[in-house]
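My entries follow in the order in which I made them.

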Amino acid sequence: MIDSYDDIYFMKKALQEAETGYEKGEVPVGAVIVIEDKIIARAHNLTEILNDVTAHAEMQAITAAANFLGGKYLHNCTLYVTLEPCQMCAGALYWSQISKIVYAARDEERGCINLRTKLHPKTKIEGGILEDQASKLLKRFFIEKRNLN
């Protein structure tokens, strides 16, 4: 049976990306970008592997989606990401003019909402989709990281 193409379906795909990052020792954040129910970009954090603080899942996904579309604007696209975007990623999403951002878990400390980062006026943002699963994965990662040190 095929899952219906809804926010939960696509957030599960983002969570799969987060798991891939987790297995590589990256902070487990995953992202997919969708247009017309089709995933056009998949990404997870690569900051450790690339030794690059800008290699967040969202940044990787923005680049992949822009390459797929052949242009820098992500009109009619939705980003599904397992953690609320940080200020840097929200800034890049602003410039991409993405239509919608759907995140799983809030980032109370570094997220764009509490930092009042401005999104593009046409961008909608929604959160809490599969929040529990995303939060558990992040907590497990940081508990294991602390126990190794």
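I began with the crossing of α3 and α4, which is left-handed (left-handed if the near helix is turned anticlockwise from the far one by less than a right angle, right-handed if clockwise; helices are DSSP runs of H or I of at least four residues, strands are runs of E of at least two, and both are numbered from the N terminus). I noted that this is a predicted model, in which local features need pLDDT of at least 70 and side-chain atom pairs count only at pLDDT 80 or more, while totals for chains, interfaces and linings use all residues. Residues are numbered from 1 along each chain as its sequence is written, and side-chain values use heavy atoms, with hydrogens and water left out.

The axes of α3 and α4 (residues 87–96) come within 9 Å and cross at roughly 20°; axes are lines fitted to C-alpha atoms, for helices over the stretch in contact, with angles from 0 to 180 degrees between N-to-C directions. The two helices are therefore roughly parallel to each other (under 35 degrees; over 145 is roughly antiparallel, 65 to 115 roughly perpendicular, and the rest oblique). I listed Glu58, Met59 and Ile62 of α3 and Met88, Cys89, Ala92, Leu93 and Ser96 of α4 as making the contact, where contact means heavy atoms within 4.5 Å.

Next I looked up methionine 11, which lies in helix α1 (residues 7–23) and counts as buried because its relative accessibility is 0% (buried is under 20% relative accessible area, exposed over 50%, partly exposed in between, with a 1.4 Å probe and protein chains only). Beyond its neighbours within four places in sequence, methionine 11 touches Tyr80, Val81, Thr82, Val102, Tyr103, Ala104, Ile129 and Leu130. I found methionine 11 and tyrosine 103 to be 7.9 Å apart from C-alpha to C-alpha, although 92 residues separate them in sequence.

Asparagine 45, in the loop between β2 (38–44) and α2, is also buried, at 7% relative accessible area. A polar atom of the asparagine 45 side chain lies 2.8 Å from the backbone nitrogen of alanine 57.

Asparagine 51 has phi of about 50° and sits in the loop between α2 (47–50) and α3 (57–69), where its relative accessibility of 73% makes it exposed. Arginine 116 has phi near 55°, belongs to the loop between β4 (100–105) and β5 (124–127), and is exposed at 75%.

Methods. Polar contact = N/O pair within 3.5 Å; in protein donor to acceptor, adjacent residues only side chain to side chain.
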